[in-house]
Amino acid sequence: MTLALPGPARTPGPAAATAALRRHWPLLPLAATVLFLLAPLPAGDATASGKVGPADAASLLLALVCAVQALRGRVRRLSPLGVLVLGTPGIGLAVSTMTAGDPYAALPGFVRYLQVFVLVPAAVVLLVRGALEFRLAAGCFVVLALVQGAVGVVQYATHTGASYQGEDIRAVGTFGPGDVMGMATVVAYGLIVATAAALAPGLPAKVRRAAGGCALALVVPLVLSFSRGAWIATAGAALLVMCLAGIRRALAVLLALTALGVVLVGGLGLGSEMVAERLNSITQVSSAPDQSVTDRYTMWAAAESMWRERPAVGVGLKGFPAHRDGHSSLGLSSGSDTAGAGQAFMKQPLLSPHNMYLLVLGEQGLVGLLALAGGWAALLVAGLRRYAVASGGSGRSGDGPRDCGLIAIGLFVWQLTDFLYADIGGPSTVLTGVIIGLAAWWALPSTGLAGGPAAR
């Protein structure tokens with residue numbers, strides 16, 4: 001009888017890497033859709049946020065890959081509920097486009113909405129085949145957030161950011177002053193993913209510790225973005241993730257975040273006066289609002305007025321700018337001032353109400369709002385219900401572990417909350433489609449691969 005002695009540990013070689021690439025190659029366009037947002041916008045081009053960028057091109061490739069894989073029978077089967085939730089927005093968009101006063105002018109809006117709310121989410125749901133691939137996609141958000149956040153912190157420290165209260169200190173990452181919400185958005189995404197991974201049961205301790213460190217680090221650039229909407233959405237989504245993960249875990253994280261805030265703002269004085277002023281402005285929106293808040297409320301009222309004019313189908317996609325002045329009061333300014341981060345002073349026009357729900361209501365009416373927001377509500381309820389079922393069992397929900405549920409719910413709640421203060425626009429818009437897709441992947445039941453075994 002011979003004994004087999006253990007040999008040296010094997011490390012993944014080229015053959016293993018090639019096999020992994022062959023198995024997961026459909027995820028490459030998905031990773032590119034997220035990571036191509038690291039590419040900087042041209043300096044001084046404040047209108048670049050409205051153009052097709054590298055991330056948008058990658059998302060179109062993602063949809064093409066999904067179509068090819070679907071023809072080959074290598075994507076997940078969708079249940080009738082999944083088809084309804086993912087397909088209904090397309091019908092609403094078509095109706096809004098056809099009933100617009102100028103259908104040709106509405107056509108670019110139709111293409112953009114179809115990309116963000118139908119094609120990209122459906123591609124993510126169909127192509128992501130398991131928890132590992134879900135985690136890889138979510139990890140790309142953390143990488144993007146860390147890089148953009150680092151650029152933002154350097155901008156604050158070296159006074160090379162966007163102009164804020166007369167100083168070039170606002171952290172905007174590579175998005176530039178023409179898209180001041182871009183960095184805040186992607187940093188918040190990464191922070192939510194890292195927080196969920198740090199609290200998720202079942203992940204290795206090393207992974208949870210690393211995720212916790214990333215979450216704490218990302219608090220700094222988020223604060224330096226001076227974005228009130230991103231702060232509110234992040235606080236709400238993070239609190240929900242903490243509560244879903246467990247009260248004891250939530251208390252530990254809250255203590256760590258409080259200590260970090262005291263050290264950064266109180267001890268080091270990191271933007272303390274400006275941060276305090278920005279926080280106070282949240283509670284002064286009715287008593288002493290600044291001009292940005294006044295503009296926002298005026299545009300909200302304009303969007304509501306457009307809906308009252310055409311309650312069923314709205315004024316048509318891309319119709320808000322053309323109808324804005326006819327529905328606005330004299331309190332609306334001519335635009336927002338942008339400067340810094342390599343760009344000269346420019347006046348940026350106000351082309352949307354900065355509230356996604358009111359934008360959809362004004363441009364698409366009740367038909368569009370029900371098609372979009374109704375599907376989002378269904379995904380949120382189904383996702384929470386699946387997580388509740390998983391929490392009462394073994395930590396898995398039939399076809400997905402709970403860390404995926406925490407990440408999906410956290411990102412989705414962040415997006416739905418942020419839509420109260422923002423709408424789509426800018427290069428980071430394409431990530432909205434990815435997030436809806438990840439939320440749908442978790443919430444919608446899987447019936448396995450088309451012509452193959454179970455998908456996850």
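Contact here means heavy atoms within 4.5 Å. The model is predicted.

Start by selecting helix 2, residues 28-35, together with helix 3, residues 54-71. Show the side chains of Pro29, Leu30, Ala32 and Thr33 in helix 2; they meet Ala55, Ala58, Ser59, Leu61, Leu62 and Val65 in helix 3. Sorted by class, this contact holds eight nonpolar and two polar residues, and no charged ones.

Next, draw the two axes. They come within 8 Å and cross at roughly 160 degrees, which makes helix 2 roughly antiparallel to helix 3, since angles over 145 degrees count as such. The crossing of helix 2 past helix 3 is left-handed.

Stay on helix 3 and select its buried residues: Ala55, Asp56, Ala58, Ser59, Leu62, Val65, Cys66 and Gln69. Their cover includes helix 2, helix 5 (103-127) and helix 16 (429-443). For a check on length, pick the end C-alpha atoms of helix 3: they are 26 Å apart, in agreement with the 26 Å that its 18 residues should span at 1.5 Å a residue. Just after helix 3, select Gly73, where phi is positive at about 70 degrees.

Now move to helix 14 (residues 356-391) and helix 15 (residues 402-418), which pack at about 155 degrees with axes 10 Å apart. The pair is therefore roughly antiparallel, and helix 14 passes helix 15 in a left-handed crossing.

To see this contact, select residues of helix 14 including Trp376, Leu380 and Tyr387, and residues of helix 15 including Arg402, Ile409 and Phe412.

Definitions and conventions:
Residues are numbered from 1 along each chain as its sequence is written. This is a predicted model: local features need pLDDT of at least 70, side-chain atom pairs count only at pLDDT 80 or more; totals for chains, interfaces and linings use all residues. Side-chain values use heavy atoms; hydrogens and water are left out. Axes are lines fitted to C-alpha atoms, for helices over the stretch in contact, and angles run from 0 to 180 degrees between N-to-C directions. Helices (H or I, at least four residues) and strands (E, at least two) are DSSP runs, numbered from the N terminus. Angles under 35 degrees count as roughly parallel, over 145 as roughly antiparallel, 65 to 115 as roughly perpendicular and the rest as oblique. A crossing is left-handed if the near helix is turned anticlockwise from the far one by less than a right angle, and right-handed if clockwise. Ala, Val, Leu, Ile, Met, Phe, Trp, Tyr, Cys and Pro count as nonpolar, Asp, Glu, Lys and Arg as charged, and the others, Gly among them, as polar. The expected span of a helix is 1.5 Å times one less than its number of residues. Buried means under 20% relative accessible area, exposed over 50%, partly exposed in between (1.4 Å probe, protein chains only).
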